[in-house]
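User: Hello! I would like to learn how to read a protein model, one feature at a time. Could you walk me through this one?

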Amino acid sequence: LCFLSIHRQALAVAFIARAPHVDSMTAAPTAPDLVDLLRRVAGRDRAAFAALYAATSAKLYGVVSRIVQSGDASEVLQEAYVKIWERAGDFDAAKGSPLGWIATIARNRALDEVRRAKPMYLEDMPEGFEPAAEFEDPMGRRDRKEAYAALMRCLNALEAEKRDMILMAYYRGASREALAAKYKAPVGTVKTWLRRSLAQLKDCLSS
Amino acid sequence: MSLPEDDEGLAAEYALGTLDAAERAAVAARRLTDPTLDAAISAWEARLTPLAEAARPVLPPGDLFARIEARLDGGAIVDLAVVLRARVARWRAAAAGAGLVAAGLAAALAFVVATRPTTPHQFVAVLQKGPDEPAFAMTVDIDREEFSIRPISAKPPEGRSYELWIIAPQLGAPKSLGVIDANAVSGERRLNAFDPATVRDATYAVTLEPQGGSPTGRPSGAPVFVGKLIAVGP
């Protein structure tokens, strides 16, 4: 019900406190090589698949369980991993990060599920939404940390309200309708805001 | 349905996830045949990926990997009726007061239970326009290469027909699975032209066509109802 009670100041502080210190970060020594695991999974290596699951399932469940209700979240995650097993050969390391690739599969499944289940109402949100509680500094390789730092910098360059809308959409699967209800704005206006903010984000990221 | 002219914005919103079910499905179907749109979506997914990578982890249920492995091996049979009943309950909640739809759902459940395939590889799909507008119930038996489809609440305008299409990247343009009969069950049609993985992962879409089906072998317009298969058996 209080899905969207965001305490603006606390949020701003949280964002600042989370500003990553890219220079001091190096690849985590224990992080498994997901690119290699995916390559082996594509070759039907079950041990590699188990290792991939062990390395990524909590992250993916973190993504999925924020979007769909708990009962369906494990079903969505199962479907996502079956798909990853079947599609691992499609992964192209030149086009993006391995975690990003599998997270996109899981997230798209979750969004399909939540959209076809029923329209999302604020009442469906079991708890308050605190963007800062949704994420943490990413573990892993330096290039991913830099990508994260750049995205956060560009998100924080948006108006706070617009940034929050994007985070709510991304982490909670908030639809235009849900955002319109929260911000007491017509759905069409929300669409305009989203598209304008996303265009701004793209410009910032490419600059 | 008409798509916004601004494909860049549409791609961005698809990746962000703010589109409604119908728009989402339309974009998902369109990206299969539109490389420019597909590339724009991929680029947006990559731009936003750091957010997913930074998502706070949540431990999944302990038995989940075993359940996934069982699926890879073709494991335990899930009772189709149980799955469907859960979904029907959800649609009922969403469509409260819509007597026609509720009645249609009950009929669909009866239909699915009655035609429940006895061999493995069973799937169901609900093709819909909006989140609370289930229009067709579909069952697929991959081993038998058969499917059946039944209208729940959809009725084509006078002189027009609904036609079912299978849409998958590897198929190129949508392939017709035939015209859906106006009443009750359409009968079983063969899916043997497609490999099982394609059948399982495809998007199923219904378009409104001239009576008797599309004269060109291609959809005449954008899909009116779309859905994906849900596995209900090994």
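Analyst: From the N terminus on, chain A runs α-α-α-α-α-α-α-α-α-α, which amounts to ten helices and zero strands. Helices (H or I, at least four residues) and strands (E, at least two) are DSSP runs, numbered from the N terminus. Please keep in mind that this is a predicted model, where local features need pLDDT of at least 70, side-chain atom pairs count only at pLDDT 80 or more, and totals for chains, interfaces and linings use all residues. Residues are numbered from 1 along each chain as its sequence is written, chains are lettered from A and ligands numbered from 1 in the order in which they are written, and side-chain values use heavy atoms, with hydrogens and water left out.

User: What share of the residues of chain A counts as buried?

Analyst: Buried means under 20% relative accessible area, exposed over 50%, and partly exposed in between (1.4 Å probe, protein chains only). Of the 207 residues in chain A, 53% are buried. Among the contacts in chain A with a separation of 6 or more, 72% are between residues 24 or more positions apart.

User: Which cysteines does the disulfide join?

Analyst: In general, a disulfide is a covalent bond between the sulfur atoms of two cysteines. The search counts a pair of cysteine sulfur atoms within 2.5 Å, and over all chains it finds one disulfide. Here Cys154(A) is joined to Cys204(A), with 2.0 Å from S to S. Cys154(A) sits in helix H7 (residues 142-156) of chain A and Cys204(A) in helix H10 (residues 187-206) of chain A, so the bond ties together parts 50 residues apart in sequence. The torsion about the S-S bond is about -80°, so this disulfide is left-handed. Cys154(A) counts as buried at 1% relative accessibility, and Cys204(A) counts as buried at 16%.

User: How many cavities does the search find?

Analyst: On a 1 Å grid over the protein atoms alone, a cavity is a set of points where a 1.4 Å probe fits but cannot get out, and lining residues have an atom within 4 Å of a point. Points are joined across faces, edges and corners, and a volume is the space filled by probe spheres set on them. The whole structure has three cavities of 30 Å³ or more.

User: What about strands: which ones pair with E7(B)?

Analyst: Two strands pair if DSSP finds at least two bridges between them. Strand E4 (residues 160-167) of chain B runs antiparallel to E7(B), joined by eight bridges, and Trp165(B) stands opposite Ala205(B). E7(B) also pairs with strand E8 (residues 225-228) of chain B in the antiparallel sense, over four bridges, where Ala205(B) stands opposite Val226(B). Six of the eight residues of E7(B) (residues 203-210) are buried, so this strand is largely enclosed by the rest of the structure.

Terms used
1 Å grid on protein atoms, 1.4 Å probe; cavity = no way out; pocket = protein on both sides within 12 Å on 5 of 7 lines; lining within 4 Å. Contact = heavy atoms within 4.5 Å.
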